[in-house]
Amino acid sequence: MSRQALDDLKRQISLREYLQAHDWKPARQLSRGRLMGLCPLHQDHQPSFLVDPPKGLFYCYGCGRGGDVIRFAELYHQVKFPEALALLHQWRGLPPLLHEVARFYGMQLHRHSEGVAYLEQRGLRSPELIEHMRIGYAPGGCLRGWLTQLGYSLSFLRQAGLITTVGYDAYKHRVVFPLESNLYGRSISASAPPHRFLPGSKGGLYAWEHARRFPELILVEGLFDYAALWQAGFRNVTCSLGTHLNARQFRQLCDSARTVYVAFDADWNVSGQNAAQSLACRLREHGLNARTILLPEGHDPNSFFAQGGDARQFQSLLEAAQ
Ligand SMILES: [Zn+2]
């Protein structure tokens with residue numbers, strides 16, 4: 001790779017953006033736009049990681065390492081220079097690719113009645129909801145052809161996890177929901193594993209830019225729960241894609257003083273309730289007002305609405321939350 005190509009890559013990928021996408025957050029601002037935060041490369045307890053965004057450079061006073069975005073990728077992912085370059089290229093190319101995939105699967109939803117039928121079976125039928133969440137359908141066996149025709153290389157599609165190593169579409173017979181840097185696919189057939197993500201982080205909380213404005217938030221664990229609440233008129237809702245919040249999701253919830261209603265599944269084995277309780281405790285330790293919603297046993301918010309629950313009944317559960 002030429003000097004020129006390396007400089008282009010570094011210009012296209014801002015160090016700050018790359019750090020933030022890997023859950024880094026500045027603890028304070030210094031002069032000349034420089035930032036200081038915890039070091040993502042070693043166990044850091046007080047901010048010793050200096051970032052100079054205009055120059056695209058970092059230096060850690062704790063572990064003594066520093067450099068540009070390529071050096072950071074090498075150290076963070078523990079790979080050699082050529083692999084770091086490949087990772088950065090892939091990272092830069094992923095958003096436009098995922099946008100294309102969401103558009104394609106969005107068109108497929110209306111061409112395959114089984115996708116729509118599955119949504120209806122889960123109680124979801126509002127066209128506004130489908131548009132808002134950009135819900136699509138992956139029939140399988142057609143994405144690869146579409147994307148290679150658009151000029152995407154097979155190796156890039158494999159790296160992104162959209163095509164399997166043997167060359168098939170990775171998402172097959174799945175209702176799909178685009179995420180900020182991933183793609184969730186729910187199998188409509190009982191014989192396949194129900195949940196599928198692309199390799200890599202699930203990202204932050206779902207639709208966070210929209211949800212963060214509300215002083216009272218409902219947090220659910222699944223996208224179908226989010227969808228059911230949204231369709232029932234609740235807009236102050238977000239989703240953690242599982243009961244375990246990653247560091248970025250937890251920080252997002254704590255970024256202002258708010259009330260969080262945790263509405264995880266009321267599993268028969270009480271694992272959802274336990275996860276909700278322990279999350280509520282952690283949120284309270286961080287100064288938030290946190291409550292857990294008690295759903296009827298065996299229900300999640302999606303099944304609550306799908307089996308006849310309405311907004312007024314859910315509102316009473318919110319009011320009764322402890
Ligand atoms: Zn360090």
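Four strands are arranged in an open sheet in the order β6-β7-β8-β9, with antiparallel pairing. Because β6 (136-138) and β9 (195-196) stand at the edges and have a single partner strand each, one side of each is left without a neighbour in the sheet. Strands here are DSSP runs of E with at least two residues, helices are runs of H or I with at least four residues, and both are numbered from the N terminus. Two strands are taken to pair if DSSP finds at least two bridges between them. The model is a predicted one, in which local features need pLDDT of at least 70 and side-chain atom pairs count only at pLDDT 80 or more, while totals for chains, interfaces and linings use all residues. Residues are numbered from 1 along each chain as its sequence is written.

Within this antiparallel sheet, strand β7 (residues 174-178) is joined to strand β8 (residues 183-187) by five bridges. Pro178 stands opposite Leu183 in β8. Helix α4 (residues 81-109) packs on the sheet and touches β6, β7 and β8; the direction of α4 makes about 90° with that of β6. Contact between two residues requires that their C-beta atoms, placed from the backbone, lie within 7 Å. Axes are lines fitted to C-alpha atoms, for helices over the stretch in contact, and angles run from 0 to 180 degrees between N-to-C directions.

Helix α4 also packs with helix α3 (residues 69-77), at an angle of about 105° and with the axes 9 Å apart. That angle makes α3 roughly perpendicular to α4, a description applied to angles of 65 to 115 degrees. On the α3 side, Val69, Ile70, Ala73, Glu74 and His77 take part, and they meet Phe81, Ala84, Leu85, Leu87 and Leu88 in α4. The residues of this contact comprise eight nonpolar, one polar and one charged. In this classification Ala, Val, Leu, Ile, Met, Phe, Trp, Tyr, Cys and Pro are nonpolar, Asp, Glu, Lys and Arg are charged, and the others, Gly among them, are polar.

A further open sheet is formed by four strands in the order β11-β10-β12-β13, with parallel pairing. Its edge strands are β11 (237-239) and β13 (289-292), each of which pairs on one side only. Neighbouring strands of the sheet are turned by 25° against each other on average, direction ignored. Strand β12 (residues 259-263) is linked to β13 by four bridges in the parallel sense, and the bridge partner of Val262 in β13 is Thr292. Helix α10 (residues 223-231) packs on this sheet, where it touches β10 (216-220) and β11, and its direction makes about 170° with that of β11. Helix α12 (residues 271-285) likewise packs on the sheet, touching β12 and β13, at about 170° to the direction of β13. Five bridges connect β10 with β12, again in parallel; Glu216 has Thr259 as its bridge partner in β12. Three bridges pair β10 with β11 in the parallel sense, and Val220 is partnered by Cys239 in β11.

Overall, the secondary structure of the protein chain comes to 14 helices and 13 strands. The C-alpha trace spans about 60 × 50 × 30 Å along its principal axes. Of the 322 residues, 32% count as buried, that is, have 20 or more other C-beta atoms within 10 Å of their own, with C-beta atoms placed from the backbone.

Key
Parallel < 35°, antiparallel > 145°, perpendicular 65-115°, else oblique. Buried ≥ 20, exposed ≤ 12 C-beta atoms within 10 Å, placed from the backbone.
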